[in-house]
Amino acid sequence: MTGFLTLFHKELLRFWKVSFQTILAPIVSTLLYLLIFSHILESRIEIYPGVSYSQFLIPGLIIMAILQNAFANSSSSLIQSKISGNIIFVLLSPLSYFEFFGAYLLASVVRGLLVGLGMFIVVSQFHEVSTQFPFWIVLFVLLGSMILGVLGIIAGICSDKFDQLAAFQNFIILPSTFLSGVFYSTLSLSPAWQKLSYVNPFFYIVDGFRYGFLGVSDVSPYLSLAAVIACFLVVSLLTLNMLKTGYKFRH
Amino acid sequence: MIPAIEIQRLNKSFGNLVALEDIQLSIAQGEFFALLGPNGAGKTTLISIVAGLVMANSGQVKVMGHNVVTSYSKARSVLGVVPQELVFDPFFTVRETLVFQSGYYGIRKNKVWIDEILHRLDLADKADTNMRALSGGMKRRVLIAQALVHKPPVIILDEPTAGVDVELRQALWSFVKQLNQDGHTIVLTTHYLEEAEALCQHVAMLKKGKIIVLDSIRNLIDKIRDISLQLRLACEVLPMQLIKWSSIKQNECYIFKIQDYLEISEILTILKQEKIEILEMKLQEPDLEEVFVRMMSDESFIGT
């Protein structure tokens, strides 16, 4: 247990020591989205009856920031350790691959939570934020940041250069989060785009999370929960198998 | 007694490149062992397999009796490795680095021991300095300290003196010698024969992924010790008695290969009997480095 706790602690310190960049910066940039979009669209769009655009947008932006930062944490930590070579200190130690997985995953979740919580606190100073079902909120925050934390581990393992990681981030993670219904309801889309949205696992994270705030959603929260749990299991098993066989790490 | 490191029929290739071929090696506990070979001979691959950083294609490796694949956790906890590259985590100070490293090995309170290794490696006043701010030599010492946090009975140092100044090299040598005297098994990779001679008892020479020599350092040096006696003589033809020494003529000098200094007096006696005047005499001792390099580059050399 000490080994796992140490690695977890190290991972926390790693982003905490540069918290301007890892926590404050994403909060500020996400608030800018909110400022601009709510200004432009507030009076023009009402997505669900009785729900203003800002009320709709806020949970979407919060979860988007959480997901992106959970991914960024494990992926950038791993790629930095790989490129600078200091990953060797962990690989030489008797830590099991399970402990390794857990430590990187949990640190990602914590970073995601801190960014989300920061966002929530700041936003609720300016806007009325309703939290209908806190339990669902917490559930989807945890599962969502866990999925992205694991994806970050996969990206970190697979990339050999910052360039490859940036590709992973810009061509997979960013489009998937932007097109997951953060800014709009999928009900407003054409059938083709709607179908595409429903195979995007990120959609279920956003939709379920938003249900916790507004009490309304595009699809049933239970469907979202099932999709999110299934997604987490698939990516986790894949990652654990990579770590167990030493894929890329112990070639 | 269980060997500190036991390697059986180990093979490893990267694609078409054969990195290690049928390596068989046993290193006893308490030994100071050198793994010699030129760059690219497979030294680092071999120790990476022992450390669990690289998976072998076939064969097995045990550290203190623990298989490095099937019981990796136990094997890694009895092994300390000092990597060749100067790697460090720029986020942390020297002390933080060592505290974390202890934690990875499951050791929670390690202050006393960390203080001691900091002191012994002359790092005490750098304890709270960020890793980035250290010189290369200091970083090398931290790497050694990291390998020692869990007091491993077996320590592998991968070219610890590469790119290190003379003063630090001497300090490292005496530190590692002390570790060996304290009972640690030490394995050192190096391409300096001089280093192996100064420190080690046994040596394995690797060449193109194969062990070509496995011997005590004393025997090895004796075997490759070829002294030559260079004589310029006032005679046209060598006397018959001197034929038994293989000799070559070079620039009017005869070069006699001898194994023992006593042979010199034999040769001189013969010359005296034959009344041949010695115009010039030179004794050439072998340069171990040179012999080593020659041996390594000799395609036909396949062991003694």
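Two residues are taken to be in contact if their C-beta atoms, placed from the backbone, lie within 7 Å.

## Model and conventions

This is a predicted model, in which local features need pLDDT of at least 70, side-chain atom pairs count only at pLDDT 80 or more, and totals for chains, interfaces and linings use all residues. Residues are numbered from 1 along each chain as its sequence is written, while chains are lettered from A and ligands numbered from 1 in the order in which they are written.

## Chain A

Among the contacts in chain A with a separation of 6 or more, 82% are between residues 24 or more positions apart. Chain A has ten helices and zero strands; helices (H or I, at least four residues) and strands (E, at least two) are DSSP runs, numbered from the N terminus. The pattern along the sequence is α-α-α-α-α-α-α-α-α-α.

The radius of gyration, taken over C-alpha atoms, is 18 Å for chain A, which agrees with the value near 18 Å for a compact globule of 251 residues. The globule rule is 2.2 Å times the number of residues to the power 0.38. Along the principal axes, the C-alpha atoms of chain A fill a box of roughly 60 × 35 × 35 Å. Of the 251 residues in chain A, 46% are buried. A residue is buried if 20 or more other C-beta atoms lie within 10 Å of its own, exposed if 12 or fewer, and partly exposed in between.

## Nonpolar cores

A nonpolar core is a set of buried Ala, Val, Leu, Ile, Met, Phe, Trp, Tyr and Cys residues joined through C-beta atoms within 7 Å. The largest such core has 144 residues, and Val50(B) and Ile156(B) touch the most other members. Helix H3 (residues 53–84) of chain A gives the most to this core, with 15 residues.

Leaving aside residues up to four places away in sequence, Val50(B) touches Ile5(B), Val61(B), Val63(B), Val68(B) and Ile156(B). Another core, of five residues, lies apart from it and includes Leu229(B), Leu231(B), Leu233(B) and Ile267(B).

## The sheet in chain B

In chain B, four strands form an open sheet in the order S12-S13-S11-S14, with antiparallel pairing; strands pair if DSSP finds at least two bridges between them. Strands S12 (247–250) and S14 (278–284) of chain B stand at the edges with a single partner strand each, so one side of each is left without a neighbour in the sheet. The twist averages 20 degrees from one strand to the next.

S12(B) and strand S13 (residues 253–258) of chain B run antiparallel and are joined by four bridges. Phe256(B) in S13(B) is the bridge partner of Ser247(B). Helix H9 (residues 262–273) of chain B lies across strands S11 (227–233), S13 and S14 of chain B, at about 140 degrees to S13(B). Axes are lines fitted to C-alpha atoms, for helices over the stretch in contact, and angles run from 0 to 180 degrees between N-to-C directions.
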